[in-house]
Amino acid sequence: MGSSRWKIAVAVLFVVECSLLSVGADEHEHTYVDKEEVVLWMNTVGPYHNRQETYKYFSLPFCVGTKKTISHYHETLGEALQGVELEFSGLDIKFKDEVMQTSYCDIELDKAKRDAFVYAINNHYWYQMYIDDLPIWGIVGEADENGEDHYLWTYKKLEIGFNGNRIVDVNLTSEGKVKLVPNTRIAMSYSVKWKKSDVKFEDRFDKYLDPSFFQHRIHWFSIFNSFMMVIFLVGLVSMILMRTLRKDYARYSKEEEMDDMDRDLGDEYGWKQVHGDVFRPSSHPMLFSSLIGSGCQIFSVSFIVIIVAMIEDLYTERGSMLSTAIFVYAATSPVNGYFGGSLYAKQGGRRWIKQMFIGAFLIPAMVCGTAFFINFIAMYYHASRAIPFGTMVAVCCICFFVILPLNLVGTILGRNLSGQPNFPCRVNAVPRPIPEKKWFMEPAVIVCLGGILPFGSIFIEMYFIFTSFWAYKIYYVYGFMMLVLVILCIVTVCVTIVCTYFLLNAEDYRWQWTSFLSAASTAVYVYMYSFYYYFFKTKMYGLFQTSFYFGYMAVFSTSLGIMCGAVGYVGTSAFVRKIYTNVKID
């Protein structure tokens, strides 16, 4: 019975991984022979200012070409989640076979159809098409200056460049402006012109990139500025802590030489006094351990995906970035279980199975819950972003049959390999009372201020990332992103170490949650910046786009906060262990 269950689990894992890895393959081999069919896919249509508010192309009353058969079709998991709705255009296009202007269908324009086109034109609707995975964009129509008369573009003029037996370039020119008048017939036409091109197949996506935007001097300056901040901060932290800790060690060594009477009469203060409580388990250890494990996994996913994106041009395949992220997240589940399970064991936790479930489903539940809420709005709008039921089932299968078992493996390894509480100081049976301190030394104040410097090191990069996701830019400078990730981690660790040192010096041993939350507060500043970006950098409108924006920005900010919190805690934990190992404790 047990072996059959494992066989089923392995089979499911194999199927899921194969479906995710299929992102590297496409329905076409990207090579053609003369007169071979070339498919023109119609993808989505929607308002220009609301990038995520998209609908099926034929939700507008466009007509379909005469060709009804098709030889290829394929959709990956990433495409389904991103709302890619590929529908065959019905246009007959063959490799190197030129087509003069030809009418392919007629639109019987009644009042309802005219109203649909007028609404689309007033809201600046445009559509997206694909030929051999190359995207093409066109606008539905335009209105006159007074906004009284509306015109539809009826002629699609395609110019396709080829190099050998491969397609390397596609351009669309919209012509044939026809006034929308009810109870008339509008003829839709197209033409295809083929031309030789010197563009290499590997470089055919370069025309879609925007080096003047992503490699602007401001981008380079922001990286340089953040790098100088890191050098200054690391130097400052090292100098302060080394000098201060040296004085602390000297003072504590001098106190060791005193007799008990002098020591009792002495002015004892500082971080040494809480040595019996500093390694006391944190409050809510189950939730805390799950957050640390999830943060370590998010960091692993970010690091691996950025490296893959630097090596492979993921932007050349539809949905490849999302599919890769899902696959890497599932594959790195043991990281979550290892760090979360070992920390929970060190803190004396007994209900490790419950902790494992919380750690495994913390991030998926947050993402799926947000997606489920937005999905209702998408279904109400009949938008292409509505996630199909089959895709939901596939994601649930990944969670239960891949993420959970791998998380269990990591938890068992973490509890057995590094789950022993090998602290350098004994924990007192009775907690030490926390003395009163200055208002700016309170944990709440430290938490609020802790995220300012980490946010300052990344907010310029946030603008480029937001623009690539919410506007029409393709992000490709992943080397910048890797540098920013490294800078963010270094700044976060430095800030949390300083905050924790001041907290311990005030004889407050509640450093675990403080170190985590002071680093995680970066997410609050990122989310606040998203409000500024929405109102001042975009022209988004409507319930669907607004809920989509702020919903997924909340998911992004929370995930970033959990990652920063985990990085800050891990670095601070090493610092705390180090300073208490080097001081003599009776």
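**Salt bridges and burial in a predicted model**

Modeller: Let's start with D508: its relative accessibility is 0%, and D508 counts as buried. Bear in mind that this is a predicted model.

Biologist: Why is D508 called buried?

Modeller: Buried means under 20% relative accessible area. D508 has 0%, so it counts as buried.

Biologist: And K437, what makes that residue buried or exposed?

Modeller: K437 has 19% relative accessibility. The cut-off is under 20%, so K437 counts as buried.

Biologist: How do you know that D508 and K437 form a salt bridge?

Modeller: Their side chains meet at 3.0 Å, N to O. The limit is within 4 Å, so the pair qualifies as a salt bridge. D508 sits in the loop between helix 14 (478-505) and helix 15 (511-520), and K437 in the loop between helix 11 (389-418) and helix 12 (443-450), so the bridge ties together parts 71 residues apart in sequence.

Biologist: What makes D97 and K35 a salt bridge?

Modeller: The closest N and O atoms of D97 and K35 are 3.5 Å apart, and the definition asks for within 4 Å, so this pair passes too. The two residues lie 62 residues apart and link distant parts of the chain.

Biologist: Why is D115 called partly exposed, while K111 is called exposed?

Modeller: Exposed means over 50%, and partly exposed lies between that and the buried cut-off of 20%. D115, at 36%, is therefore partly exposed, and K111, at 57%, is exposed. D115 and K111 also form a salt bridge, with the closest N and O atoms 3.0 Å apart; both lie in helix 3 (residues 111-122), about one turn apart.

Definitions and conventions. Residues are numbered from 1 along each chain as its sequence is written. This is a predicted model: local features need pLDDT of at least 70, side-chain atom pairs count only at pLDDT 80 or more; totals for chains, interfaces and linings use all residues. Side-chain values use heavy atoms; hydrogens and water are left out. Helices (H or I, at least four residues) and strands (E, at least two) are DSSP runs, numbered from the N terminus. Buried means under 20% relative accessible area, exposed over 50%, partly exposed in between (1.4 Å probe, protein chains only).
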